[in-house]
Amino acid sequence: EDRAVPPQGYAVLVRDAAAFQQAFPDVDFVEPPSWPALNNGGDAVVLAAEATVLDSVAYRTSWGGDGVSLERIDPGGPANVRTNWGSTTDPRGGTPGAANSIFAIDTEPPQLRTVVPSTNGDVLSVTFSEPLDPGSVAPSAFTLTPDAAAITEAAVTDTVVTLRLSTALPTGDYTLTVQGVQDFKGNTLDEATASFSFVRPGTPDPQDVVVNEILYDPPEADLEFVELLNRSDETFDLRRFALADNRGDPVSLTDAPTPLDPGAYAVLVQDAEAFRQAFPDVAVIEPPSWPTLNNGGDAVVLSVDGSAIDSVNYAPSWGGDGVALERIDPAGASNNRFNWASSTADAGGTPGAQNSQFAPDLAPPRPIFAEQTDEDEVEVFFDEPLDPTSVTSDDFQLADGRTPRLAFLQGENTSVLLRFDGTLSGVTLTVQDVRDLKGNALDEAAVPLAYRPTPGALLLNEIMYDPLADPNDGLPDQPEYVEFVNASAQPLSLRGLYWTDVPDETGEADTLRLGMAFRRVAPDSFAVAFANGDATEDQTTLQAAFPALAFDADALLPQDRTTLGLVNGGDLIRLHRADDAVLDEAFYDPDWHNPNLRDAAGVALERVSPTAPTDDAATWNSSVADAGGTPGRTNTVALPPSPDQADTGVTIAPSPFSPDGDGFEDQTRIQFTLSSTVTLVRARLYDARGRHVRTLEQARLAGRTGELVWDGLDDDGNDLRMGIYVVLLEAIDTNGGTTDAFKEPVVLARPLD
C-alpha cells in the first residue's frame, strides 16, 4: 500500500509486527513483505528509491547498539561516521517514531586535540574531536612553528590527519596551527593551536640510562616501582624503551613522546594510584602491563629497540626488604652487590630524586684481609670486586720480595688466591696496581698476613662454662666464653674455626661454628668466642660483664646466641680448623677448680701455662680476678715465662712457690730437656725425708722437651707442708733404651699465721 512520510516525520520498518507492537504498542510501523536480517557483527543498511540510493549506513559494533537501538545523533550529519552514532539512552531501548534520545544538531566545528610526532620526527599525527571532511584538508591548512620542516602531505583517516614532513625535526618544542578544516556538516574550524615536544631519536649506549632504584618488596600491594636515570649528555625518547623481568617479554614503557633529559629520572610504577598514595608529588609512567618483580630475587632488564642497555640481577641479600633497593654509584657496575643497598629515606625510597645511598666510587679497591690457606698459598680479600684484566702475579709481593707464580680471581672477584714457590714468610703482603670495576687503581697497600693455625699454635686458654646470671644483683650477666691464646710466633687467622663436643655412638658431635669473619690474633695474644645473644645496641655481653678490660675487636668472635652449650658438669671442647684439622682439645672438669674455692659459679678456668698439656688438670686453675675471669688478657694464674733451656736437664720455676689461691705463684712449672727425641717420661716428688708424695707422670710419651705443672698437692689431693721437695724425672729412650735421670729441688712455701 502507499504510505506517505510527512516533512520531519518518521517511518518505522519492522521485522516482526507482533513483537514490535508488544514492545512499542503506540507506534505506527510498516512491516515489509520480506526482511534483510541485520548482522550483529556489523552490516550495511541501504535506503533506495527505485535505482537511486537515498542513504546508506555501514555500521559497526564499536559504534554502539549492544542490546539497544543504534541512534543517529545529527540527522543532517554524515551517515557513515561513527561519531554521529551512539546507543540509545531511552529506558525502552529505542525511540521508534520519535526524536532520538541522543539527538543533537552538530553546529560545532571540529576541535584540535593532540599532535604526536613519530619516533623519527618526519611524521605528525594530528587528532581531532570528530572526523574531518577530506575536501577541507590540505598541507596549506597546517603551519609548523618554528619552521623546521615543510608539510608536504596531509591525509585523513577518520579523526586523524597524518602530516608528512620534508625532513625530520630536530629536538625541540613546537606549535602546530590549524585553519579552515571542516567536519562533514561543514562546520569550519577558524584557527586552533597545539604544542608538542620532539626528542631526536638518539640510540643510547649501554649504561647511558641505568636502573637506579627498585622497590621489589613493597610494604603495600601494587607499590612496586623501578627508577631510571639518564647518565648521558643526550635526551632520549622513552617510547623506544622497554622493561622486562627474567621471565616475561619486554613491555613498552609508553606510547606518548616522553623525553628523558640528561641527569633526569623516570619512575615506572605498577599502579599509579597506589604509588600516589605513598609518593604524591612524584611524576610517574604506568606501563600498559607490569613485569611483577620476585621478592626472592629477579632481573630488571631495560632495553631499547630490542637491545639491552642495562640489567640488574638482584637478590634479597643485597637489601630491599620492605624498602627500595638503591644504586650507590650510578656509574658503578649494575650487577655488583656492593653497589646496592637498602634505602635509608624515611619514606622507604627516593623515586624521582637522588638516592639516599648515593656515593660515587672514587676510591681504589683496598685489601682487607690476607690468610694462608695452604703451605704455599695465600688468599687476599678486597672491599669490592676487581677488574679481572688488572690482576697479575706481579701485583702481589711478600715481605721477602717474592711474588706468586700464579694469581687466581675467586668468588665474586673480591678475592685472589696466590700460589708461591716455597713456604710463606713475613707478616705482611703488599698489593699494587689492581683496579676496581670503575677503573680506580690502587697505587700500593700492605695488608697483614694471617697464618693458618697448626696444632699446638692456637690453644684453649680460658673457659667460662658457668657464668653468673642473677637478674636481681644489679650487675650485667656474664656470658659463656672460651678464650684461645696464640702460642706461635706468627699472627693466626680465626676464619672458619669451630669446635665439637663428645661424639655420640655414631661419631656425630654437636658443632659450634665461630663464623667466617675476617679475624686474626697476634702472637702471645688472645681471641675470645662468647655468647652475645643478649647484647645491647651499645655493648656486647662481654664488654658489659667485664668493663675494666680493653678488648681487641679483631680477636673477638661474638656468637648470636644466649649460650655456647658449655655443660656445667664438664664437657669436651675440641677446636678445629676450617679444613677439620684438630688444633687443641680438653675435656674440662669442675674438679679442675681450686679445691679451696667454695662456689665456682662466675669463675673461669684459666690455663697456667701454654706449654703444659691442655687436657691435664694440673694445667688449669680457678681465676682469681675480681670479675671472675680475664677474657682477652693474661690469665691471673699464668706462670711467668721460663728461661730458655738449651742443655739437657730439668728447670723448676718459680721456686719457692706458694699454692695459697691468691693467683700469684700458686703453681710451679717443671720443664725438661732430654737427650732423645722420643721418650717415655716418669716424674715423682719426694719430701725432705725421701718419702714419695706425688706422681706427676707415670709413663707419658714425650718429645725432647716438655713441661709438667705441680700445684702443691699430694696424690690424695691434700695440701703438703711447706718445705723442700725433690723432683725425680726419669726418661727411657724408646729406640735404644738409654735413660736420662734428673733430680732437682723445689721449695713449697706457706703463709706463717
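Predicted model: local features only at pLDDT ≥ 70, side-chain atom pairs only at ≥ 80, totals over all residues.
Glu 371 belongs to strand S23, which covers residues 367–374, and it counts as buried because its relative accessibility is 7%. Its side chain makes a polar contact of 2.5 Å with the side chain of Arg 495.

Asp 217 is found in the loop that runs between strand S12 (209–215) and strand S13 (225–230). This residue is buried yet has no salt bridge, and the nearest side chain of opposite charge, that of Arg 247, is 13 Å away. What the side chain of Asp 217 does have is a polar contact of 3.1 Å with the side chain of Asn 295. Beyond four places in sequence, the residues that Asp 217 touches are Asn 295, Gly 320, Asp 321, Gly 322 and Val 323.

## Aromatic pairs

The structure holds 17 aromatic pairs. One of them joins Tyr 174 and Phe 196, whose rings are stacked, with 5.6 Å from centre to centre and 20° between the planes. This pair links distant parts of the chain, since Tyr 174 is in strand S10 (residues 172–178) and Phe 196 is in strand S11 (residues 192–198), 22 residues apart. Both partners fall under the 20% cut-off for a buried residue: Tyr 174 is buried at 4% relative accessibility, and Phe 196 is buried at 7%.

A pair with another geometry is formed by Phe 225 and Phe 279, whose ring centres are 6.0 Å apart and whose planes meet at 80°, so the pair is edge-to-face. Because Phe 225 lies in strand S13 and Phe 279 in the loop between helix H2 (272–278) and strand S19 (298–304), the pair ties together parts that are 54 residues apart in sequence. Phe 225 is buried, with a relative accessible area of 0%, and Phe 279 is buried as well, with a value of 9%.

Elsewhere, Phe 20, Phe 24 and Phe 29 form one aromatic cluster. An aromatic ring also meets a charge at Tyr 498, where the charged end of Arg 513 sits over the ring, 4.5 Å from its centre.

## Salt bridges

A search of the whole structure finds 31 salt bridges. In one of them, Arg 92 is paired with Asp 90, and the closest N and O atoms are 3.2 Å apart; Asp 90 counts as buried, at 18% relative accessibility.

Asp 310 and Arg 327 form another salt bridge, with 3.4 Å between the closest N and O atoms. The two residues come from distant parts of the chain, Asp 310 from strand S20 (residues 307–314) and Arg 327 from strand S21 (residues 325–327), and they are 17 residues apart. Asp 310 is buried, with a relative accessible area of 5%, and Arg 327 is also buried, at 0% relative accessibility.

The side chains of Asp 374 and Arg 452 meet in a salt bridge of 3.8 Å, N to O. Asp 374 lies in strand S23, whereas Arg 452 lies in the loop between strand S29 (444–450) and strand S30 (458–464), so the pair ties together parts that are 78 residues apart in sequence. Asp 374 counts as partly exposed because its relative accessibility is 34%, while Arg 452 counts as buried at 17%.

## Ala 457 in the S29–S30 loop

Ala 457 is placed in the loop between S29 and S30, the loop that also holds Arg 452. Ala 457 is buried, with a relative accessible area of 7%. Leaving aside neighbours within four places in sequence, Ala 457 is in contact with Val 485, Asn 486, Ala 487, Ser 488 and Leu 492. Ala 457 and Ala 489 are 32 residues apart in sequence, and their C-alpha atoms are 8.7 Å apart in space.

Terms used. Residues numbered from 1 in each chain as written. Heavy atoms only, no water. Helix = DSSP H or I, 4+ residues; strand = E, 2+ residues; numbered from the N terminus. Buried < 20%, exposed > 50% of the residue type's maximum accessible area, 1.4 Å probe, protein only. Polar contact = N/O pair within 3.5 Å; in protein donor to acceptor, adjacent residues only side chain to side chain. Lys, Arg positive; Asp, Glu negative; His and termini not counted. Salt bridge = Lys/Arg side-chain N within 4 Å of Asp/Glu carboxyl O. Contact = heavy atoms within 4.5 Å. Phe/Tyr/Trp six-rings, centres within 6.5 Å; stacked < 30°, edge-to-face > 60°. Lys NZ or Arg CZ within 6 Å of the ring centre and 35° of its normal.
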